Amino acid sequence: MNREETLVTNFQKIESALLSACQRSGRDPKEITLLAVTKYAKDQDVLTLLQKGLIRHVGESRVQQAQARWERPEFAQFNTTKHFIGHLQKNKAAKAAQLFDFIDSLDSLETALALEKSIPQGKTLRTLVQVKLTDKETQSGLPLQEARKLVSQLKPLQRLYVCGYMAIAPQGATDTELRQLFRPIKQAFDEDFKAQPEKYLSLGMSADFETAVEEGSSLPRIGSKLFAENLEGL
Ligand SMILES: *Cc1c(COP(=O)(O)O)cnc(C)c1O
């Protein structure tokens with residue numbers, strides 16, 4: 001298989017795994033948007049998937065790296081929805097507010113207010129609040145109760161539109177553990193965004209997206225499985 005065939009095959013395997021997860025859980029596949037995490041991907045690989053029209057939502061975790069890529073004409077010509085999924089430092093908020101359509105990893109009011117001030121006139125910046133699922137110091141995000149409080153503080157903002165939760169599950173969690181971690185977030189999501197027409201629950205990465213979709217994720221974030229060399233065993 002050449003590289004292009006590998007990428008298309010990876011994509012098709014992910015799509016069919018998403019479909020199966022929807023079937024198992026009685027969900028409508030139209031509710032699911034694949035977020036292609038391009039942060040480690042080679043430029044040419046990203047361009048191949050864009051040219052084939054296979055991906056539209058893309059995720060990056062570094063502001064400067066994302067800017068260097070997505071402002072170049074060969075990338076900018078595509079109509080992509082750009083998500084920031086890394087830890088956002090307050091001093092990068094202004095740049096991020098211009099470059100991205102979504103900030104999926106918001107975890108402080110201070111950063112949210114810095115974003116709100118920098119969002120260009122006429123633009124809506126969609127944001128998800130990141131829920132922290134482990135006690136690890138290095139993990140960003142807020143414990144669920146604090147995340148919910150932040151959502152209520154963000155709702156009155158004008159240009160920043162809070163529309164869901166994002167979470168990263170710990171590596172190596174079992175299927176049962178994943179479900180126990182995802183369920184309270186899904187429940188909070190259903191309550192906190194009940195009255196809102198546009199909303200996203202971003203759970204699941206390469207290792208756990210099928211379980212995440214079964215548990216209600218609408219925006220799984222997939223990097224390594226999409227861009228891998230070799231996907232034996234998916
Ligand atoms: C890198 C990253 C991903 C993609 O992870 P894979 O396991 O490669 O699919 C998803 N979400 C976040 C927040 C990331 O930083």
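Which residue has a polar backbone atom 2.8 Å from an oxygen atom of the ligand? Select Ser224 and you'll find that backbone atom. This counts as a polar contact (a pair of N or O atoms within 3.5 Å). The protein covers 85% of the 390 Å² of accessible area that the ligand has on its own (Shrake-Rupley method, 1.4 Å probe).

Before moving on, some ground rules. You're looking at a predicted model, where local features need pLDDT of at least 70, side-chain atom pairs count only at pLDDT 80 or more, and totals for chains, interfaces and linings use all residues. Residues are numbered from 1 along each chain as its sequence is written, and side-chain values use heavy atoms, with hydrogens and water left out.

Next, click Gly223: a polar backbone atom there is 2.8 Å from a ligand oxygen. Then try Lys39, where an N or O atom of the side chain is 2.6 Å from an oxygen of the ligand.

Last stop: the cysteines. Select Cys22 and Cys163. The whole structure has 0 disulfides. Cys22 is buried, at 1% relative accessible area, and Cys163 is buried at 0% (buried means under 20%, with a 1.4 Å probe and protein chains only).

Terms used
Polar contact = N/O pair within 3.5 Å; in protein donor to acceptor, adjacent residues only side chain to side chain. Disulfide = S-S within 2.5 Å. Buried < 20%, exposed > 50% of the residue type's maximum accessible area, 1.4 Å probe, protein only.
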